Amino acid sequence: MDEHASDASGSQRSHAGWAIDTLLVHHARDASTADASGATVPPTYTSATFDQERATAFGRFDYSRSNNPTREALERTLAALDGGVRALAYSAGVAALDALADVLLPGDEVVCSQDVYGGTCRLFSEAWAARGVVVKYVDATDTGAVRAACTSKTRLIHAEALGNPLLTVCDVAALAGVARSVRALLSIDNTTLTPINLRPLSLGADVVIHSATKYLNGHSDVTAGTLTVTDRSLAQRLAFHQNARGSALAPRDCAELHRGIATLSVRLERQQRTAAALAKALHERFGPTITVLYPGLEAHPRREVHRRQSRGDGAVVSLCTGDADVSARIAESLELFSIRVSFGSVTSSISMPCFMSHRSIPSDLRRHAPPPDLLRLSVGLEDAEDLLADLTSAIERAGIKGGRS
Ligand SMILES: *Cc1c(COP(=O)(O)O)cnc(C)c1O
């Protein structure tokens with residue numbers, strides 16, 4: 001971890017002066033949810049409506065679609081974690097992404113990284129394109145290619161800082177420079193790294209997005225998405241549309257997500273320590289028959305850029321075996337990694353994105369889909385030795401011999 005971006009200055013400390021670990025557990029307890037009983041855990045305000053004192057003017061809260069104390073407490077914590085002026089919580093990661101469409105007009109162009117979540121590709125190329133938005137996919141690890149794809153109509157550049165599932169790395173500060181030069185917004189989907197590792201707003205991004213379904217909640221029991229922004233007028237516009245569309249996260253889910261966030265850094269630090277150990281062990285034992293993709297490995301082509309901007313390497317490891325049938329046999333014979341879409345939970349899982357999470361990529365864009373033999377591991381909180389033994393025996397049972405040991 002020592003070689004990674006330092007945690008001094010704006011990248012790790014909040015505007016309130018607290019480090020992230022302090023914010024994670026203390027931030028929920030602010031005045032907006034303080035209650036007369038002195039409850040340690042703020043009550044969850046499930047009420048859809050709030051009684052008003054006057055008939056001609058609204059009080060602070062009136063109707064939960066527009067604002068709710070439990071959601072407001074969550075959104076404040078998120079804004080502090082990401083270092084933005086305002087955060088908004090939505091019913092899913094894709095709903096958070098879709099909220100960005102409210103800054104686009106027909107004819108506007110979006111330049112999007114080609115290593116993005118399948119549902120992002122589906123949303124942009126089907127829902128947004130139907131509203132007249134033009135979407136271009138580029139290799140976002142190549143800042144020059146992003147620059148070249150921009151025109152005077154480009155309004156948004158979108159990328160994942162650590163791409164899902166190929167674990168490609170884009171240079172967030174360089175992309176922010178491109179966005180500024182063409183007067184577009186830069187949105188960074190930070191789902192795989194979380195604010196514990198990377199804070200894109202401090203590197204010049206305008207919007208940071210999380211599928212909170214993954215690490216932020218961390219327990220596979222809430223579907224949620226968030227946006228955090230640095231500009232107050234953009235925040236107001238997004239809040240206006242969140243109310244107009246009714247896309248906000250429900251209060252019970254906000255409370256549950258807020259509780260999940262309290263343990264984010266302890267979960268992720270352990271998960272990424274185990275992920276690093278597994279990536280190294282699998283690479284040493286099964287390389288080059290199996291290609292291990294993980295930004296912490298010496299062999300990762302963008303390790304330098306990644307280390308400069310991120311404090312940690314995340315807990316997603318991808319493996320390419322060269323044969324989709326072999327990959328399927330590995331996935332199906334594992335005991336501790338259950339086969340499921342998604343990642344970021346306390347229990348380990350495995351998926352074949354080409355057939356699962358990225359199946360929704362429209363057929364004309366299939367060339368950007370992950371390769372069919374790619375296995376994506378999400379490393380949970382189980383014992384590292386147990387996980388390695390499970391993986392090693394599943395890989396060997398699928399007929400791959402450890403070349404070196
Ligand atoms: C899962 C995911 C999304 C979509 O989030 P949902 O909560 O499933 O709607 C967006 N971006 C990335 C990187 C994801 O992994």
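This is a predicted model: local features need pLDDT of at least 70, side-chain atom pairs count only at pLDDT 80 or more; totals for chains, interfaces and linings use all residues.
**Entry: overall form.** I began with the secondary structure and found 13 helices and 12 strands in the protein chain. I then asked how the radius of gyration compares with that of a compact globule: for 405 residues such a globule would have a value near 22 Å, and the protein chain has 21 Å, so the two agree. Along the principal axes, the C-alpha trace spans about 75 × 55 × 40 Å.

**Entry: burial and contacts.** I looked up the share of buried residues, which is 55% of the 405 residues in the protein chain. For the contacts, I took the pairs of residues at least 6 apart in sequence, and 72% of these contacts join residues at least 24 apart.

**Entry: surface and charge.** The accessible surface of the protein chain comes to about 17100 Å², and carbon and sulfur atoms account for 51% of that area. I also checked where the charges lie on average: there are 42 positive and 45 negative ones, and their mean positions are 4 Å apart.

**Entry: a five-stranded sheet.** I traced an open sheet whose five strands run in the order β8-β9-β12-β11-β10, with mixed pairing. At its edges I noted β8 (291–293) and β10 (338–339), each of which pairs on one side only. Within the sheet I followed β9, residues 316–320, which pairs with β12, residues 374–378, in the antiparallel sense over five bridges. As a reminder to myself, strands of a sheet pair through backbone hydrogen bonds, either parallel or antiparallel.

Technical notes: Residues are numbered from 1 along each chain as its sequence is written. Side-chain values use heavy atoms; hydrogens and water are left out. Helices (H or I, at least four residues) and strands (E, at least two) are DSSP runs, numbered from the N terminus. The radius of gyration is taken over C-alpha atoms; the globule rule is 2.2 Å times the number of residues to the power 0.38. Buried means under 20% relative accessible area, exposed over 50%, partly exposed in between (1.4 Å probe, protein chains only). Contact means heavy atoms within 4.5 Å. Accessible areas come from the Shrake-Rupley method with a 1.4 Å probe; for residues, only the protein chains shown count as cover. Lys and Arg count as positive and Asp and Glu as negative; His and the chain ends are not counted. The place of a charge is taken as NZ of Lys, CZ of Arg, CG of Asp or CD of Glu. Two strands pair if DSSP finds at least two bridges between them.
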